[in-house]
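Hello,

I am passing on a structure for you to look through. My notes on it follow below, with the cut-offs spelled out as they come up.

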Amino acid sequence: ATTKSYTEQIVGSVRCVQETDMGLVTFFSPTFQLAPVLSMIFGYLKLKVDMKSYGTYVKRQIAQSAGNIGVWTEIFAAMSFLSIVVTVSYTHLRAHETGRNLVCRLLLEKK
């Protein structure tokens, strides 16, 4: 048998309660016009209480600083260098483009 996590149990429980509340509101709203308003108020209060209790059970880990970002330093340096090369060459092509010599437009057009 699989054991559901605390989050899965909460989500399943909330979904069941929401469906039941919607059914009751739909059923009683013709005779009791305040049912939708009261349902909204109580739903809001229940959400606040549930989120407060969920926040006490599940807490984020405290972030720890790292010395460096490992291999990503080299990757970002290579991407920066490549972006500079592409930008300079594109700008160079655009600078030499004239009405007769459409270098950049011809390279980008599909035939």
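A word on terms before the residues: buried means under 20% relative accessible area, exposed means over 50%, and partly exposed is anything in between, with a 1.4 Å probe and protein chains only. Please keep in mind that this is a predicted model, where local features need pLDDT of at least 70, side-chain atom pairs count only at pLDDT 80 or more, and totals for chains, interfaces and linings use all residues. Residues are numbered from 1 along each chain as its sequence is written, and side-chain values use heavy atoms, with hydrogens and water left out.

First, the overall picture. The protein has four helices and zero strands, in the order α-α-α-α along the sequence. Helices here are DSSP runs (H or I, at least four residues), as are strands (E, at least two), numbered from the N terminus. Of its 111 residues, 4% count as buried. The protein exposes about 10500 Å², and carbon and sulfur atoms supply 66% of that; accessible areas come from the Shrake-Rupley method with a 1.4 Å probe, and for residues only the protein chains shown count as cover.

On confidence, pLDDT is the predictor's own score for each residue, from 0 to 100. Its mean over the protein is 77, and 77% of the residues reach 70 or more. Among the elements, α3 has the highest mean (88) and helix α4 (residues 103–108) the lowest (62).

Now the contacts. A search of the whole structure gives one salt bridge, meaning a side-chain nitrogen of Lys or Arg within 4 Å of a carboxyl oxygen of Asp or Glu. The partners are D50 and K46, whose closest N and O atoms are 2.8 Å apart. Both sit in helix α2 (residues 35–57), four residues apart, or about one turn of the helix. D50 is partly exposed because its relative accessibility is 27%, and K46 is partly exposed too, at 39%.

There is also one aromatic pair. Its rings belong to W72 and F76, with centres 5.9 Å apart and planes at 35°, so the pair is tilted. For reference, rings of Phe, Tyr and Trp (its six-membered ring) pair if their centres lie within 6.5 Å; planes under 30 degrees apart are stacked, over 60 edge-to-face, and the rest tilted. W72 and F76 are about one helical turn apart, because four residues separate them in helix α3 (residues 72–95). W72 is partly exposed at 48%, and so is F76 at 43%.

Finally, the surface. A nonpolar patch of about 1200 Å² includes F27, F28, M40 and I41. The elements giving two or more residues to this patch are α1 (6–28) and α2, and α2 gives the most, with seven. Patches are made of residues with over 30% relative accessible area and no salt bridge; like charges are joined within 9 Å, and nonpolar side chains (Val, Leu, Ile, Met, Phe, Trp, Tyr) within 5 Å. M40 lies in helix α2 and is exposed, at 58%.

Best wishes
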